Amino acid sequence: MSKQQAYPKPKLVPVPSTNIIPERDADKSPILECRHLGIDFGGLSAVADFNMAIGRTEIAGLIGPNGAGKTTVFNLLTKVYQPTRGTILLDGRDTHSMTTAQVNRAGIARTFQNIRLFDNLSVVDNVKVGLHNQMRYGMASGILRLPGYWKEERVAKERAMELLSIFDMQDLSKHQAGSLPYGAQRRLEIVRALATNPSLLLLDEPAAGMNPSETAELMNNIRKIRDTFQIAIMLIEHDMNLVMGVCEGICVLNFGRIIAKGTPEEIQANPAVVEAYLGKKKEA
Amino acid sequence: MSFLSNVISGISLGSIYAIIALGYTMVYGIAKMLNFAHGDVIMVGAYVCFFAVSAYNLPPVIGVLLAVALCTALGMLIERMAYKPLRQAPSLAVLITAIGVSYFLQNAALLWWGSDPKKFPAFIVVGEQNGVSLFGGQLRITYVAIVTVVACVAIMAGLIAFTGKTKMGKAMRACSEDKGAAQLMGINVNATISMTFAIGSALAAIAGVLMCSAYDTLLPTTGSMPGIKAFTAAVFGGIGSIPGAFLGGLLLGVIQIFTQAYLSQELADAIVFAVLIVVLLVKPTGLLGKQIQEKV
Amino acid sequence: MKTEKKRRLRRNTRRSLINYAIVIAAYAIVQALNAGGNIKSSLQGQLVPICAYIVMAVSLNLVVGVSGELSLGHAGFMSIGAFTGIVAATALQAAIPAGWVRLMLAMVAGALFAGLFGLLVGVPVLRLRGDYLAIVTLAFGEIVKNIMNILYVGIDEKGVHIAALEGSRLVLSEGGVPIIKGPMGAVGIAKLSTFTAGFLLVLVTLFVVQNLVDSRAGRAILALRDNRIAAESVGLSVTKYKLMAFVTSAALAGAAGVLYGLNYTGLAAKKFDFNTSILVLVFVVLGGMGNIRGSIIAAALLTILPEALREFADFRMLAYAIVLIIVMLATNNPTMQQFFAAVMEKVRGTFRELFQKSGETVKGGGDHE
């Protein structure tokens, strides 16, 4: 047998070349790269041929009309749904066959469009659940109250309060999460996601239900989070002021397919995007 | 020949389970609750028929009709009194209430009708015979078995037609999908649920009469084990599915009779339940159940 | 920061400490009354079962209330524990004369065995959700009951022998003793369980469950109950923590089974049937889901209640059923909740008035709220 291995006839696939990331991140590989990502629901293709790259410190936006498949993309990235086709590379690692929990441990954290908090736990405990995988003590230390329990619980508590302070929520720490006002619940979800120490944070409509001044504050906070934690953020949002104000790269979805990619300025000037949102102009 | 006779007993027992399971599945599909009292409605139906026939000497047909009528009323009453107030409550609260209703029916029956077993009369007879003998007496098929199987198939066909074709049936299907949306479409959800309980309880009464005709002893606790088994059958076939309940019931009956005949009398129940566990592990929604994806 | 931490600890621990205090106080009172001969013998016979049921209820609460999974087969684990414990206690009779040591070892054996079965059942089954899990645990309980019913176990100088289906298959040498005889169950058991042992087991159970819930793992279990998808999204493994609650609960139920089994000279497998599982579930639900103190109180009261109602023997189960339905309606129906709240407010108001009046006339009467 010869040592040289004969390659089977290769299947040719196009290399994603349309992916864009901010220049400052260009010297490093993108934190996330999706190649030909797609999913079918009962024969209907909900997302198809989704290609995207996000730089290590980029704030990226995913926009599109209702039902375009934006949340489905998030669900694919976090493996709530297993993709039918395509590859997700997280920091160069293929997340194929990972579960939602494993993807989180690998570095993706998210919030949900319809808020999903641990309603019966206190605010600080919600954050501590986010810190769960950074704590090490086992079941026995917990039951027998060994020194590891006391030490790690103290550290976790301090860390949780620190994270809550991003949104000035320290005073709410003992409240039940489910009893918080809507805006605070959205913010707590972000804090909880941050607690898992992600390298990519996915925000699903973070400004939904917020008034203009709250949205403006959120905008600042999103930037602040990126700057302090040096992570990438990808957000789905319908509030165009927020998207255009905070995002560096924007991706527009319609009917499960990307119809445009570019900077906010490019997107605003793109006729395909205008058409997707407002419909085709009638011929005069 | 004993094999054939086991097949027949299996199908006959399975048909009884299937009739109960059909009621269970209807109620579960729409009210989304485990009605643990269902088995005890079977028992009440059997007692009503027993007293009608043996104490008041009414013709068996009247006895059955009386049992069906009373159980229908009982089912609707239980729903109205115990379950309807808990429409918004957590499912566990409803479950415990159903267990309470089950205890109530059993103990009320115990007080009223006593704890001594009643010998159910064989009333499905032609002439003096309670069955037909084939192959020179080697194989015997009781009329009860024949009636049971026929009734079971008829009921299933009827239910499929009812839920598929009639306005009320469609309303039921709508309620089982989404009560809120059904209400907005002008469907009277409360009436629909009540109707479901009525149908389920009527089926329970029929099952009770048929079961006691086939196995002749009647006790206040008679209904509970068949109730659990039938529920298992409904889950086995895929709960909420009418053909599933039918299939699950038949399979359960056949498995039970066969293990009793060829493996072990004592272990029959254990094996039936073990098969259920295996089926659920391989196909978590039962044989004909639909997969429901949680919306994120 | 420092003072706040202290306050949090106090608040989190306070609830647990009160539970220990209640149990210890109850034990002290019962012992004092007992010394004075003030406890009816019928109630005395209930003391160990009450402890066993408290352990059952608290452990089931870990699955149903804390972990949010419905289990209808808890008695199955109790059964496994009980018969393992009985065999262990009998087998060790010669080697260890001290009864309490044997009881303790039997409890450990029972807990380990039940926990092992919890693991075997839990691994495949905890993938199922909601009502499906309920029906599978129900099936498990029935299977255990059936198998225990055909099991023959005996012991001779060569060791423990096990046979199934027929007693004649159990071949023992001259000095051999049968321990479990199929449908007849275990016979001739040395009664080892005492009220004090039961009391200690309740304390251990409280210690395990309360500390587990108030730890990293417990938070994970609670988070999974509140929102499974969110919990997964922050990196929690569903199976690991569901299993942790389930197995811990099964092991404690096993220990409770040993306590219960070694309290009688004979015990049949059909004691641990579906109705027992339901009974324990009723304790948990009436005591409040996830509420440990509620489970303790409900288990104790509802075990005594039927005994206390013995004069109304025929009606007591009927009354029990009616009480169960009414309590469920009263605690879960909005209209009834309002009604009861209004009634309570009225009662409270009347009391307040009464106290205010008496406060004017009787010195020190105003100390009440």
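In the predicted model, helices α4(C) and α10(C) cross in a right-handed sense. Helix α4 covers residues 74–91 of chain C and helix α10 covers residues 238–261 of chain C; their axes come within 6 Å and cross at roughly 55°. Because angles from 65 to 115 degrees count as roughly perpendicular and those under 35 degrees as roughly parallel, α4(C) is oblique to α10(C). On the α4(C) side, the contact is made by His74(C), Phe77(C), Met78(C), Ser79(C), Ile80(C), Gly81(C), Ala82(C), Phe83(C), Gly85(C) and Ile86(C). The partners on α10(C) are Ala250(C), Ala253(C), Gly254(C), Ala255(C), Ala256(C), Gly257(C), Val258(C), Tyr260(C) and Gly261(C). By class, the residues of this contact comprise 12 nonpolar and seven polar, with no charged residue among them.

Chain C also takes part in a contact with chain B, to which each of the two chains contributes 35 residues. On the chain B side, two or more residues are given by each of the helices α4 (91–113), α9 (224–237) and α11 (268–282) of chain B. Of these, α4(B) provides the largest share, with 12 residues. The side of chain B that touches chain C contains 27 nonpolar residues, together with five polar and three charged ones.

The confidence of the prediction was examined for chain B. The mean pLDDT of chain B is 87, and 95% of its residues score at least 70. Within chain B, the highest confidence is found in helix α3 (residues 60–83), with a mean of 93, and the lowest in strand β2 (residues 131–134), with a mean of 72. Where pLDDT is low, the predicted coordinates should not be read in detail.

The contact between them involves 12 residues from domain 1 of chain A and 11 residues from domain 2 of chain A. On the side of domain 1 of chain A that touches domain 2, at least two residues each come from α2 (100–106), β7 (200–204) and α7 (212–229) of chain A. Helix α7(A) gives the most to this side, namely four residues. The composition of the side of domain 1 of chain A that touches domain 2 is seven nonpolar, three polar and two charged residues.

How values were computed
Residues are numbered from 1 along each chain as its sequence is written. Chains are lettered from A and ligands numbered from 1 in the order in which they are written. This is a predicted model: local features need pLDDT of at least 70, side-chain atom pairs count only at pLDDT 80 or more; totals for chains, interfaces and linings use all residues. pLDDT is the predictor's confidence in each residue, from 0 to 100. Two residues are in contact if their C-beta atoms, placed from the backbone, lie within 7 Å. Ala, Val, Leu, Ile, Met, Phe, Trp, Tyr, Cys and Pro count as nonpolar, Asp, Glu, Lys and Arg as charged, and the others, Gly among them, as polar. Axes are lines fitted to C-alpha atoms, for helices over the stretch in contact, and angles run from 0 to 180 degrees between N-to-C directions. Angles under 35 degrees count as roughly parallel, over 145 as roughly antiparallel, 65 to 115 as roughly perpendicular and the rest as oblique. A crossing is left-handed if the near helix is turned anticlockwise from the far one by less than a right angle, and right-handed if clockwise.
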